[in-house]
Amino acid sequence: MYLVYDVDVVESHRRRGVGTAMLERLAALARERGIDEGFVLTEPDNDAANGLYAKAGGVRSEVVMWDFAYGDD
């Protein structure tokens, strides 16, 4: 299994297929290496990211995430 931590494209190059190309290459690498599953997390209101992942063939799922704070405040 692989994890995509974040996909970020510099603003001047957005909407040109760069993010899609990165995810396509990652999918090819995963197949070459026998990895058959991967995931990425994003915020529900991140329309650009959610659109990119849907376009790349991702299937949205409901995930429970737990946050922990270890600072003094």
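Which residues form a negative surface patch? They are Glu43, Asp45, Asp47 and Asp67. Patches take residues with over 30% relative accessible area and no salt bridge, joining like charges within 9 Å and nonpolar side chains (Val, Leu, Ile, Met, Phe, Trp, Tyr) within 5 Å. Asp and Glu count as negative, Lys and Arg as positive; His and the chain ends are not counted.

This is a predicted model, in which local features need pLDDT of at least 70, side-chain atom pairs count only at pLDDT 80 or more, and totals for chains, interfaces and linings use all residues. Residues are numbered from 1 along each chain as its sequence is written, and side-chain values use heavy atoms, with hydrogens and water left out.

Now the overall fold. The protein chain has 2 helices and 2 strands. Along the sequence they follow the pattern β-α-β-α. Helices (H or I, at least four residues) and strands (E, at least two) are DSSP runs, numbered from the N terminus. The C-alpha trace spans about 45 × 35 × 20 Å along its principal axes. The radius of gyration of the protein chain is 15 Å, whereas a compact globule of 73 residues would have one near 11 Å. That radius is taken over C-alpha atoms, and the globule rule is 2.2 Å times the number of residues to the power 0.38. Buried residues make up 15% of the 73 residues. Buried means under 20% relative accessible area, exposed over 50%, and partly exposed in between (1.4 Å probe, protein chains only).

One of its members, Asp67, lies in the segment after α2 (47–55). Asp67 counts as exposed because its relative accessibility is 65%. Lysine 55 sits in helix α2 itself. Lysine 55 is exposed too, at 64% relative accessibility. Its C-alpha atom is 8.0 Å from that of threonine 20, 35 residues apart along the chain.

How many salt bridges does a search of the whole structure find? It finds 2. A salt bridge here is a side-chain nitrogen of Lys or Arg within 4 Å of a carboxyl oxygen of Asp or Glu. One joins aspartate 8 to arginine 14, with the closest N and O atoms 3.5 Å apart. Aspartate 8 is exposed, at 57% relative accessibility. Arginine 14 is partly exposed, at 43%. Another links arginine 25 and glutamate 32, at 3.6 Å from N to O. Arginine 25 counts as partly exposed because its relative accessibility is 45%. Glutamate 32 is exposed, at 57%.

Conventions
Areas by Shrake-Rupley, 256 points an atom, 1.4 Å probe, with all protein chains shown as cover. Charge placed at Lys NZ, Arg CZ, Asp CG, Glu CD.
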